[in-house]
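Subject: Structure handover

Hi,

Here is the structure I promised you.

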Amino acid sequence: MSEPLILGESGKDYVVYKASSDDTAIRFTVSGLSVEKKSDIKSSTQELRSIAGIVGVLRLSSNTYLVTIDGGSECGTIKGSKVYRMVGFSFWPISHKVQVEDDAKYLELVRGHLKNASFYFSYGYDLTNSMQRQTLNGDSDGLLGPDERFFWNRFLSEPLISLSKEYSQVKSFVLPLIYGYANVISTSINGSPVSFGLITRRSTQRAGTRYFRRGIDSQGHAANFNETEQILIVPEGTKTHYFSFLQTRGSVPVSWAEVNNLRYKPSLFIGTSNLPSTRLHFDEQISEYGTNYLVNLVDQKGYELPVKNAYEGAVNNLGDSSLKYIYFDFHHRCRKMHWHNVKLLLGELAQLGFSTDDYFHAIVDDGKLSVVKKQSSVIRTNCMDCLDRTNVVQSMISRSVLQSQLASSHVVKEIEQWEQDKAFNFEFQNFWADNADAVSLSYSGTGALKTDYTRTGKRTTIGALYDLSNSITRYIKNNYKDGPRQDGYDLFLGNFLPYEAISSPFTDGRPLQVQYAPYVLIVSLSLFALTLFYPRGPLFAWHNLKFLGLCLTFGGLSGLYIVKNGYQYVNWPQLCDLDYLVKQRKGNNYLFEKNPNFGDANVLKKD
């Protein structure tokens, strides 16, 4: 079991050990990690500080760093173990070489990733695994191990994991982090004490930002894949009921992309060879969760139609009885703020075989565990981003399942609606709205849209204005700021290894005219404004008018050039190539162009 640690300095090395009586210490050196006895080194070690845990070891081009967790903010308790949100982090240089310029940039990218991410951990409860997986797969014996799909610091923890294979006591120094959301409260429903929690685990596979990670890769990993678990714990006399309900969300599992071009709506493209990757994706999903109810919320007209058609075509071609596809036109059926129509989806799911009684339920009575039922299916929901529409639908489904769980544990009667408890209903709504914001921030860079409905049960004018503000912010971030965010993901997860880079990935190889066009635009507009407000003599003097015209000409031409060549001015990631974008070499320079393997969705739509 993990626990808080002490970080010390011994000579030029760092050592980490437990504050408890455990005599194990780990030394971090330039040549690697080693196990020592705390009692042997404590007299020669200067204690630096207590730390909440170890994120891992970060190896860059010239330097290696020990990354530690400064502290944690408590987010509740599950089965006697506290859950924390990571608060603060530190980098400790293991090697002391002169830092090369690229290393400073790499370090800043990882620092930004850690600062913006919502990481959670627990010393005694495995947040990477659902309650059902832990109960059914020997978690009490420590045999299950973290679910690597959601073990976010797995790559950085590799040196510790490798060392633990030789020294088993090192395993307790490995502290898995999940990225997403976690919160558990002790409260009451209808006068009965309960614990209610929500945990969302973001997948490490095909992870990244909104427009740089769409669809699936060749291994069948879907972008923005999240597993959300709603937990309910109900004490009843000598018994305690443990309930868990899982849902998933993930990008439409075919090859598709929205390519930024500085316009508000990106260019939509559908890739080729979808079926083998889609098969791999659903093979894993069926293996993990059983029957998959596939709820597709994209629009059936206009811009989103090609994605809908590609998804339906793939599912039909698979012909798998474990895949139950349902289309629900969210925007059409909930238009004019008729958001209550989302509830119609439950009836349609029931017709396909879904039951709100399909959840995990275990009872511990006098220390004896009995499993009442297992969850044998999952609802996999998607819209285009798998954020806003998906959040509304998932919270509605969980609301209905909670009704069944509370009736099963005798907290409410079958005919009694738990929503009559206004205080808990408020807590439930805010849990799901906070979860929506956390998932959205990690993918789009802003909070979720439509959270006024999730929080209050109705759509409001203020909520619509808030959505407008978030939409504008998303446009700016997704076009001009997401490149470094994506690079931070790829560095942290080990998709890019700085020490293997032959040349600097930060070199701008675009032609000079491409690089200088924004500067010409800025200078032209600045000079135009200065002349307008501070003219030399009368504003309408010929020399002023001629200069203003010249500024407008240069500014207009450079602006048109930028708009026409929008691909060249998006803030693309610099570390890992995008599947839909290629660098077309022009001598010593390159231009960004669309990968020809992705077809124009507008052509497909007309066909």
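Which residue forms a salt bridge with D147? The partner is R149, and the closest N and O atoms of the pair are 2.9 Å apart. Keep in mind that this is a predicted model.

Buried or exposed, for D147? D147 counts as buried, because its relative accessibility is 10%, under the 20% cut-off. R149 is buried too, at 5%. Both residues belong to a network of salt bridges that also links R133, R201, E227, E229 and E288. Across the whole structure, the search finds 32 salt bridges.

Two further pairs are worth a look.

R214 bridges to E258, with the closest N and O atoms 2.4 Å apart. R214 sits in the loop between β11 and β12, and E258 in strand β14, so this pair ties together parts 44 residues apart in sequence. R214 is buried at 2% relative accessibility. E258 is buried at 4%.

K239 and E236 meet at 4.0 Å, N to O. Here K239 is partly exposed at 27%, and E236 is partly exposed at 25%.

Now the helices. The axes of α14 (residues 512-533) and α15 (residues 542-564) come within 8 Å. They cross at roughly 150 degrees, so the two helices are roughly antiparallel. The crossing is left-handed. Contact residues in α14 include V514, L521 and F528. Those in α15 include F547, L552 and Y561. By class, the contact has 15 nonpolar, seven polar and no charged residues.

Best wishes

Note on methods:
Residues are numbered from 1 along each chain as its sequence is written. This is a predicted model: local features need pLDDT of at least 70, side-chain atom pairs count only at pLDDT 80 or more; totals for chains, interfaces and linings use all residues. Side-chain values use heavy atoms; hydrogens and water are left out. Axes are lines fitted to C-alpha atoms, for helices over the stretch in contact, and angles run from 0 to 180 degrees between N-to-C directions. Helices (H or I, at least four residues) and strands (E, at least two) are DSSP runs, numbered from the N terminus. Angles under 35 degrees count as roughly parallel, over 145 as roughly antiparallel, 65 to 115 as roughly perpendicular and the rest as oblique. A crossing is left-handed if the near helix is turned anticlockwise from the far one by less than a right angle, and right-handed if clockwise. Contact means heavy atoms within 4.5 Å. Ala, Val, Leu, Ile, Met, Phe, Trp, Tyr, Cys and Pro count as nonpolar, Asp, Glu, Lys and Arg as charged, and the others, Gly among them, as polar. A salt bridge is a side-chain nitrogen of Lys or Arg within 4 Å of a carboxyl oxygen of Asp or Glu. Buried means under 20% relative accessible area, exposed over 50%, partly exposed in between (1.4 Å probe, protein chains only).
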